[in-house]
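Q: Please take a close look at one part of this structure. I would like to know how it sits among its neighbours.

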Amino acid sequence: VNLGDTVSDFTFLRSDGSSVALSAFSAKAIVMIFLRHLG
Amino acid sequence: VRDHYEEIRRQGGEVLVVSFAQPALLALYERDQALPFPIVADPSLAAYHAFGLERASWREILRSRVLWRYLRLMLRGWAPQRSNKGEDVLQLGGDFVLDEYRRLVYAHRSAEPTDRPPIAELLQAVCPSRARSAAE
């Protein structure tokens with residue numbers, strides 16, 4: 001994904017195993033923080 | 001970001017944390033960290049790859065500059081932890097900002113494990129008028 005591109009509506013998993021789409025998080029701006037490993 | 005979460009919310013923004021951990025591990029992390037914002041899992045790394053997030057090499061991690069940054073973090077109270085079984089310790093992260101139309105307006109792909117963007121850059125991407133008013 002490059003600057004200016006529309007990001008696909010990725011599907012993620014919640015901690016309970018259910019699915020959630022990126023589009024479910026609607027806001028004027030979304031800060032997405034991709035973590036390294038949790039440990 | 002946690003310290004600036006309220007400011008981000010006031011600007012109409014939201015924070016979404018993405019991890020490549022399995023959901024079960026995510027549940028433990030969520031409970032321990034008591035994060036104020038949502039956290040989701042991308043165990044297939046589909047989004048990580050789409051956003052261009054790569055794996056570091058061991059050589060990169062063991063570079064003196066990176067070790068020095070880790071040392072500084074430890075002096076500030078951060079304690080290194082063993083990785084959870086099965087987690088890829090070489091996978092790098094990144095910080096991105098999408099606008100309301102899901103367009104990518106800011107990207108910072110970590111070049112090495114301790115490489116994070118200044119919070120001011122993220123806030124500026126969330127609220128461009130903030131930067132304009134600061135310049136005026």
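Which strands of chain B pair with strand 3 of chain A, and in which sense?

A: Keep in mind that this is a predicted model. Strand 3 of chain A runs through residues 29–34. It pairs with two strands of chain B. Strand 1 of chain B, residues 13–19, lies in the parallel sense, over six bridges. In that pairing, Ile33(A) stands opposite Val17(B). Strand 3 of chain B, residues 94–99, pairs in the antiparallel sense, also over six bridges. There, Phe34(A) stands opposite Gly94(B).

Now look at the two faces of strand 3 of chain A. Both are covered. One side holds Ala29(A), Val31(A) and Ile33(A), and the other holds Ile30(A), Met32(A) and Phe34(A).

Next, the wider interface. Here 62 residues of chain B are in contact with 32 residues of chain A. The area buried between the two chains is about 4,000 Å². Carbon and sulfur atoms give 64% of that area. The polar contacts come to 20 residue pairs, counting pairs with both residues at pLDDT 80 or more. On the side of chain B that touches chain A, the elements giving two or more residues include strand 1, strand 3 and helix 6 of chain B.

Helix 6 of chain B spans residues 119–126, and its buried residues are Leu122(B), Leu123(B), Ala125(B) and Val126(B). They lie on the same side of helix 6 of chain B, because they cover an arc of only 160 degrees around the axis.

Key
Residues are numbered from 1 along each chain as its sequence is written. Chains are lettered from A and ligands numbered from 1 in the order in which they are written. This is a predicted model: local features need pLDDT of at least 70, side-chain atom pairs count only at pLDDT 80 or more; totals for chains, interfaces and linings use all residues. Side-chain values use heavy atoms; hydrogens and water are left out. Buried means under 20% relative accessible area, exposed over 50%, partly exposed in between (1.4 Å probe, protein chains only). Helices (H or I, at least four residues) and strands (E, at least two) are DSSP runs, numbered from the N terminus. Two strands pair if DSSP finds at least two bridges between them. The arc is that of the directions from the helix axis to the C-beta atoms. Contact means heavy atoms within 4.5 Å. Buried area is the accessible area (1.4 Å probe) that two parts lose on being put together, summed over both. A polar contact is a pair of N or O atoms within 3.5 Å; within protein, one must be able to donate a hydrogen and the other to accept it, and residues adjacent in sequence count only if both atoms are side-chain atoms.
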